[in-house]
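Work through the exercises below with the structure open beside you. Try each task before you read its solution.

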Amino acid sequence: MAVTKDSEQRTGRGEIPDPVLFSIGFLSFFDRFATPPMLVVLASRTGLSLAEAVGLVASYALFYALGQPLWGFISDRFGRVTVLRAALAGLLLAAVASTLVSTHVPLLIARSAAGLMAGCLYPTLLTILGDTRAGVERARGLSDLQIYSALGTTGATLAAGAIAAFTDWRVVFGLPAVGSVALLLFLRRAHDAGTHRGGHVELRAAFSGAALVVYGVAVLEGAVLMGILTYFVPALQHEDVPIALAGLLAAGYGVGVIVGARIMRRLVQRFSRTQLMGIGGVVLLVGYAASSIAQNPTAITATAVLVGASNGVLHSSVQGWATDVAPTARATAVSLFACALFLGSSVGTFLTAGLADAGRYGAIFLLGLAATVVLIAVVTMGHRAWERRRTR
């Protein structure tokens with residue numbers, strides 16, 4: 001991990017160096033996306049049904065979501081570095097536990113605990129960027145974070161299924177434990193004075209009408225953008241694509257996020273945030289249209305790439321909205337946003353698990369297409385109305 005001169009100066013002031021901050025994002029998304037590519041292998045080697053294996057992902061997302069209000073409150077009260085260290089230590093223990101059990105209920109508990117702990121990481125990174133950066137610099141920081149997170153997603157999608165198939169699924173769950181140890185070492189000199197610019201915490205601001213609208217958008221976005229991601233590799237395997245190749249093709253999602261995030265760095269100077277949300281929404285719409293029409297490897301790969309590109313534009317824009325909607329209670333607001341996002345993801349996965357078990361992936365992508373139409377309308381109209389009220 002290369003540390004720049006600027007990063008060293010930040011460390012001297014107690015700030016988290018950018019490479020460390022972004023590496024936490026990488027770890028968070030690697031752990032989040034490592035299970036879906038190995039669902040079929042995991043089910044076959046543990047005796048779980050595919051629906052039960054999908055339930056591990058849904059439960060992870062559910063506890064990721066439910067822990068957010070607690071993490072946000074602790075972060076606003078006690079500091080950003082405090083919760084990062086606590087969450088990394090907890091993720092370390094949960095990852096180790098995941099390697100030691102193989103029956104349904106213990107594994108469900110271990111993965112739920114991992115989701116609870118990993119849920120702290122990315123929202124806290126968003127909060128730190130909101131605390132320490134503004135305007136275009138913040139938008140670029142969010143784009144950079146998206147890139148590292150996409151690399152984590154891509155790494156998990158590419159490697160997890162193959163590692164599980166050719167070695168053991170326990171290895172995949174063990175890797176985040178190693179990463180947690182390394183990051184805890186890198187955080188040993190950081191302190192909250194270097195990352196928390198906030199002053200008075202006004203928790204009521206996190207429950208304003210505008211904030212509630214953002215959380216509602218997040219529930220829908222979570223179901224559309226994240227809940228359906230679970231099915232890219234299983235859908236490809238359903239089309240008789242070998243698991244290693246399925247992981248490679250589904251990794252187009254991560255490539256799409258990286259491309260979308262790089263494009264976002266230029267678009268942010270030319271378009272308003274509302275317009276960017278519309279652009280990202282249209283890309284998402286085209287992505288799901290492809291796999292609604294046909295469920296062959298070409299269509300599913302195209303969907304993965306386009307959903308990723310949409311994430312880099314649409315989701316980044318919505319994240320920016322979440323960091324602005326309640327600046328006097330930013331960590332709480334961002335954590336509630338993440339709670340809503342992953343609650344939507346969990347609900348979306350739970351509701352479609354039966355369709356996946358029946359191999360009806362076309363129906364899943366069609367549902368994503370319909371929900372995307374609603375998302376585009378809600379997010380663009382909601383953000384436009386919020387901007388008008390703020391500028392009065």
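The exercises that follow concern a predicted model.

**Exercise 1. Salt bridges**

Find how many salt bridges a search of the whole structure gives, then describe the one between Asp 31 and Arg 111.

Solution. Step 1: the search of the whole structure gives four salt bridges. Step 2: in one of them, the side chains of Asp 31 and Arg 111 meet with an N to O distance of 3.5 Å. The cut-off for a salt bridge is 4 Å, so this pair qualifies. Step 3: locate the partners. Asp 31 belongs to helix α2 (residues 18-33) and Arg 111 to helix α7 (residues 104-118), so the bridge ties together parts that are 80 residues apart in sequence.

**Exercise 2. Two more bridges to set side by side**

Describe the bridge between Arg 273 and Asp 324, and then the one between Glu 387 and Arg 390.

Solution. Step 1: the side chains of Arg 273 and Asp 324 meet at 3.0 Å, N to O. Arg 273 is in helix α15 (residues 273-293) and Asp 324 in helix α16, so this pair ties together parts that are 51 residues apart in sequence. Step 2: classify the two residues. Buried means under 20% relative accessible area, and exposed means over 50%. Arg 273 has 23%, so it is partly exposed. Asp 324 has 19%, so it is buried. Step 3: turn to the other pair. The closest N and O atoms of Glu 387 and Arg 390 are 3.2 Å apart. Both residues lie in helix α18, three residues apart, which is about one turn of the helix. Step 4: Glu 387 is partly exposed, with a relative accessible area of 22%. Arg 390 is partly exposed too, at 47%.

**Exercise 3. Aromatic pairs**

Decide whether the rings of Tyr 231 and Tyr 361 are stacked, edge-to-face or tilted, and do likewise for Trp 321 and Trp 386.

Solution. Step 1: the count of aromatic pairs comes to eleven. Step 2: the ring centres of Tyr 231 and Tyr 361 are 6.3 Å apart and the planes are at 55°. Planes under 30 degrees apart count as stacked and over 60 as edge-to-face, so this pair is tilted. Step 3: Tyr 231 sits in the loop between α11 (209-227) and α12 (232-238), while Tyr 361 is in helix α18 (residues 361-390), so the pair ties together parts that are 130 residues apart in sequence. Both tyrosines are buried. Step 4: the rings of Trp 321 and Trp 386 have centres 6.0 Å apart and planes at 50°, so this pair is tilted as well. Trp 321 is in helix α16 (residues 297-324) and Trp 386 in helix α18, and the pair links distant parts of the chain, 65 residues apart. Both tryptophans are buried.

**Exercise 4. Around Phe 33**

Name the aromatic cluster that contains Phe 33, and say which residue lies over the face of its ring.

Solution. Step 1: the cluster is formed by Phe 29, Phe 33, Tyr 122 and Tyr 253. Step 2: Arg 32 lies over the face of Phe 33, at 5.2 Å from the ring centre.

**Exercise 5. A buried residue and a surface patch**

Solution. Step 1: Thr 332 is in helix α17 (residues 330-357) and is buried, with a relative accessible area of 5%. Step 4: Leu 151 is found in helix α9 (residues 135-166) and counts as partly exposed at 38% relative accessibility.

Methods
Residues are numbered from 1 along each chain as its sequence is written. This is a predicted model: local features need pLDDT of at least 70, side-chain atom pairs count only at pLDDT 80 or more; totals for chains, interfaces and linings use all residues. Side-chain values use heavy atoms; hydrogens and water are left out. Helices (H or I, at least four residues) and strands (E, at least two) are DSSP runs, numbered from the N terminus. Buried means under 20% relative accessible area, exposed over 50%, partly exposed in between (1.4 Å probe, protein chains only). Rings of Phe, Tyr and Trp (its six-membered ring) pair if their centres lie within 6.5 Å; planes under 30 degrees apart count as stacked, over 60 as edge-to-face and the rest as tilted. A charge sits over a ring if NZ of Lys or CZ of Arg is within 6 Å of the ring centre and within 35 degrees of the ring normal.
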